[in-house]
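Subject: Model handover

Hello,

Here is the model we talked about passing on. Please open it first, then read the notes below it.

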Amino acid sequence: MRDPFESHAPDHDPLLKDLTAPQREAVLLTEGPLLVLAAAGSGKTRVITRRIAHLIRMGVPAWSILALTFTNKAAGEMRQRVTTLLGEGRHTRGLTVSTFHALCARLLRKYADIANLPGLKPDFAIYDTSDQTSLLKRVIADMSLSTSNWPPRSVLSAISNAKNEMLTAEAFAARATDFYSRSISRIYTAYEKALRNAGAVDFDDLLLLTATMLERSREVRDDCHRRWQYLLIDEYQDTNRAQFKIASLLVGLPEPLPGEDQDSRGPNVCVVGDPDQAIYGWRGADISNILDFEQNYPAARVVTLGENFRSTAPILAAADTLIRNNQRRKHKDLFTSTPGGEKPLVVTARDEQHEAVLVTDFLRRTRQESESPLGWRDMAVFYRTNSLSRVMEDALRSAGIPYTIARGTSFFEREEVRNALAYLRVVANPADDVSLARIINTPSRGIGDTSVERVQTLASTSGTPLLEAMRSASEIADLSARARSSIASFVAMIDGWTGAGTFMGSQISSSLSDLVERVIRESGLEAHYLALSKAGKSEADLERPENLSELVSSARQFENEFDPDSDPAFFPGADAARDGRLAPIPPLLAMLRAYLESIALVADADAVDPEQGSVTLMTLHAAKGLEFKAVAIIGLEEGLLPHSRAQTSDAELEEERRLFFVGITRAMRHLQISSSRYRTIRGIPERTIQSRFIEELPREHVRFSDQADLMADADPFGDDAFVDELPTSRHGAGQRTGTPATLRQSDPAQGRAAGTLTAGSLVRHPQFGEGKVLSVTGGMGARATVQFKSVGTKTLVLQYARLSRIG
DNA sequence: TAACAGGCAGTTTTT
DNA sequence: CTGCCTGTTA
């Protein structure tokens, strides 16, 4: 057995010399199960990459190492850093650094033929959320159910949850007892059937089917065991049940395989994560996976990386004190060896506009005062929900501060790109009905809904894919002549691109980018979007032709970089024989499929990459994994953080707290946390309650500053001008434009009802309807507690609430 | 077949 | 107040 501790003197070893003692341990404990609890900012990526490099240097063949991540970005970064350490070439050859989903896709394609998974063909397409939604809509409609009773979104999330829990349609049916879940179960079953008919799987299937395959097939499992001896999983706190299963099966757990010489220490699985940063429970991640790792692997060793190299002591203290309020966690002592630093500032604003101004002030001030000058790119603003970004944008714009929002539809999600891709997907997979339905009349070519309906009926009665049914469109009696000829030329167009499925012949494109270009031009998409752009209606329309050319470039780039040998499922030497089993597919088709898959599994084309010189705005979720010199977190209010939809259980509340924790720990040197006393939610200004998390911050390490009452000078109309007065509800135009600003304007008529409102008065609210006043408070920010007939008791600020007295 | 009005709901997001 | 979906109308 190799003994790394003897063979290398740590202080002279380039892989170890700049590591702390626990970091070294995490690198050197290569054998047996290992849990690395990596606190925020503890140098996690550095440790992982060193560990991989160390393994290889110790003589472990690179191809026997498998590192799994959640995002392509993380995988790419890890791969990059390992190559930097070891250099390109034979040392790193065959090293697999992949996302869970990409690995699963490869394994499923490779083993589909021997895995005996019903309906799964090796050339399956991967459906994303919008594909799933349109398929599901059709399924629901075909079952004569209404999409208003069965909203695709929620049905889909029910199905997704089931798959994350490893519940197949049959398993789900078995435990469905009540009417609701039995209906969901029927839809689930039909949806699965439709997916398989379309030759497709969804994202969740990639995991579920892989887990099932590994579970059922000894042969597949053995193949994987033979190849991968060292498994490493990043962000382990975010794994769901299916991923846990896959990991276990890949390393040979739960039961050691009989007759196999199992190391008494257990498999070489190293998981890295931080329970305090688990913020994806709502999409199936199960924090127990990491919390129970030591139970699942009794021989596991645990290394805690608690030293923080990112934040100042007061910021760390704030994060630490906050997160100690969570029960379900593994405590880590967070510490930094660099003392000093500015205390985080907790400010209270009057309303969201004011809050946004306080943020721009903070950013400007920090930029100037900081001893080493900060650029806008070193700063970020975080919020719980995307809707909070708008006010922030307005304020930044009028302050002349450049900003970028880390969100927005990614390149591959834009309408025109999705349409072009739908064409390509039909070319790659003629059975892909969802894509076909999308493009059959895009741009419009005289095949209307009724015509599509009729062909679809033929398709489902004869059990053939839609495109096949279209070929026999002439047999459909009640199809108009026009539709008939349109359909014929549509089919001819597709056949022209594919050489009727052969991908052979002189007319057929020989390169991927040629094909993409041809499809965009001949489909009429190019002309369509060019015309739209000329019309120049919206900004988005102007960019569309450009995006289509961009797609051609992306295909060209893929073509140049495509390496058919870099397949993580490729097993060197061991199973060359099996590869002969599959009929050879035309090279262009192979490349097209690889291209489409690379797109399907890469969501964030323009990911969170702070543009040069601009402040980054993003949700707290998107902030994970990043760091900024200065951070502002806004909207620390009950209902927002913790979010109103996440207060039903302790588990949810703790996740909200972790979200705040993640936000705080992104900040390196400057941090401002803000709440606002009033906030306009869906057009209605409301009094807010400060987030309970503010109370959980350590008084001695943060500075509090209530700015809400100091605004009188800045806002001549605001604040105490009319606090005692109740604006009467104004009917007609006045009410529609009744923003807080206009209500606050000096209008004597407005104050007439003031004082007339007392406990017992009957009132009407434009949103909540009729209610009875229970109590009234006067003075600053006068408010009334009202018992509404329909929505219960609410406390309303008289200054803002458009209450009218009715008795 | 497309454009438009009206109704309704309204976290977080990767693959 | 928004955006999305549905159903209706020219």
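Start with the DNA. A polar side-chain atom of Thr129 sits 3.4 Å from a base oxygen of DNA strand B. Keep in mind that this is a predicted model, and that every value here is computed from it.

For Asn386, a polar backbone atom of the residue is 3.0 Å from a phosphate oxygen of DNA strand B. For Ser444, the side chain supplies the N or O atom, and the distance to a phosphate oxygen of DNA strand B is 3.2 Å.

How many residues surround DNA strand B? There are 27, and the closest are Phe70, His101, Arg384, Gly448 and Thr619. By class, the surface near DNA strand B has 13 polar residues, seven nonpolar and seven charged. Now turn to the strand itself. Among the atoms of DNA strand B within 4 Å of the protein, sugar or phosphate accounts for 46%, and bases make up the rest.

H16 and H17. Helix H16 spans residues 352-369, and helix H17 spans residues 389-399. Their axes come within 9 Å and cross at roughly 50 degrees. H16 and H17 are therefore oblique to each other. The crossing of H16 past H17 is right-handed. On the H16 side, the contact uses Glu352, Gln353, Ala356, Val357, Val359, Thr360, Leu363 and Arg364. On the H17 side, it uses Val391, Met392, Ala395, Leu396 and Ala399. The contact of H16 with H17 counts nine nonpolar residues, two polar and two charged.

H2 and H3. Helix H2 covers residues 21-28, and helix H3 covers residues 44-57. The axes are 8 Å apart, and the packing angle is about 45 degrees. H2 and H3 are therefore oblique to each other. H2 also passes H3 in a right-handed crossing. Gln23, Ala26, Val27 and Leu28 of H2 meet Val47, Arg50, Arg51 and His54 of H3. The contact of H2 with H3 holds four nonpolar, two polar and two charged residues.

H7 and H9. Helix H7 runs over residues 152-164, and helix H9 over residues 179-197. Their axes come within 10 Å and cross at roughly 80 degrees. That makes H7 roughly perpendicular to H9. H7 contributes Val155, Leu156, Ala158, Ile159, Ala162 and Lys163 to the contact. H9 contributes Ile184, Ile187, Tyr188, Tyr191, Glu192 and Leu195. What classes do the residues of the contact of H7 with H9 fall into? Ten are nonpolar, two are charged and none is polar.

Then a few single residues.

Ala594 is in helix H27, residues 587-600. Leaving out residues up to four places away in sequence, Ala594 touches Phe558 and Phe562. Ala594 and Lys332 are 262 residues apart along the chain, and their C-alpha atoms are separated by 43 Å.

Two backbone points are worth a look. Leu641 and Pro642 are joined by a cis peptide bond, with omega about 5 degrees. Pro642 is in the loop between strand E13 (628-633) and helix H29 (650-664). Asn116 has a positive phi, near 60 degrees, in a residue other than glycine. Asn116 lies in the loop between helix H5 (100-115) and strand E4 (125-127).

Over to you.

Best wishes

Notes: Residues are numbered from 1 along each chain as its sequence is written. Chains are lettered from A and ligands numbered from 1 in the order in which they are written. This is a predicted model: local features need pLDDT of at least 70, side-chain atom pairs count only at pLDDT 80 or more; totals for chains, interfaces and linings use all residues. Side-chain values use heavy atoms; hydrogens and water are left out. A residue is near a molecule or strand if one of its heavy atoms lies within 4 Å of it. A polar contact is a pair of N or O atoms within 3.5 Å; within protein, one must be able to donate a hydrogen and the other to accept it, and residues adjacent in sequence count only if both atoms are side-chain atoms. Ala, Val, Leu, Ile, Met, Phe, Trp, Tyr, Cys and Pro count as nonpolar, Asp, Glu, Lys and Arg as charged, and the others, Gly among them, as polar. Axes are lines fitted to C-alpha atoms, for helices over the stretch in contact, and angles run from 0 to 180 degrees between N-to-C directions. Helices (H or I, at least four residues) and strands (E, at least two) are DSSP runs, numbered from the N terminus. Angles under 35 degrees count as roughly parallel, over 145 as roughly antiparallel, 65 to 115 as roughly perpendicular and the rest as oblique. A crossing is left-handed if the near helix is turned anticlockwise from the far one by less than a right angle, and right-handed if clockwise. Contact means heavy atoms within 4.5 Å.
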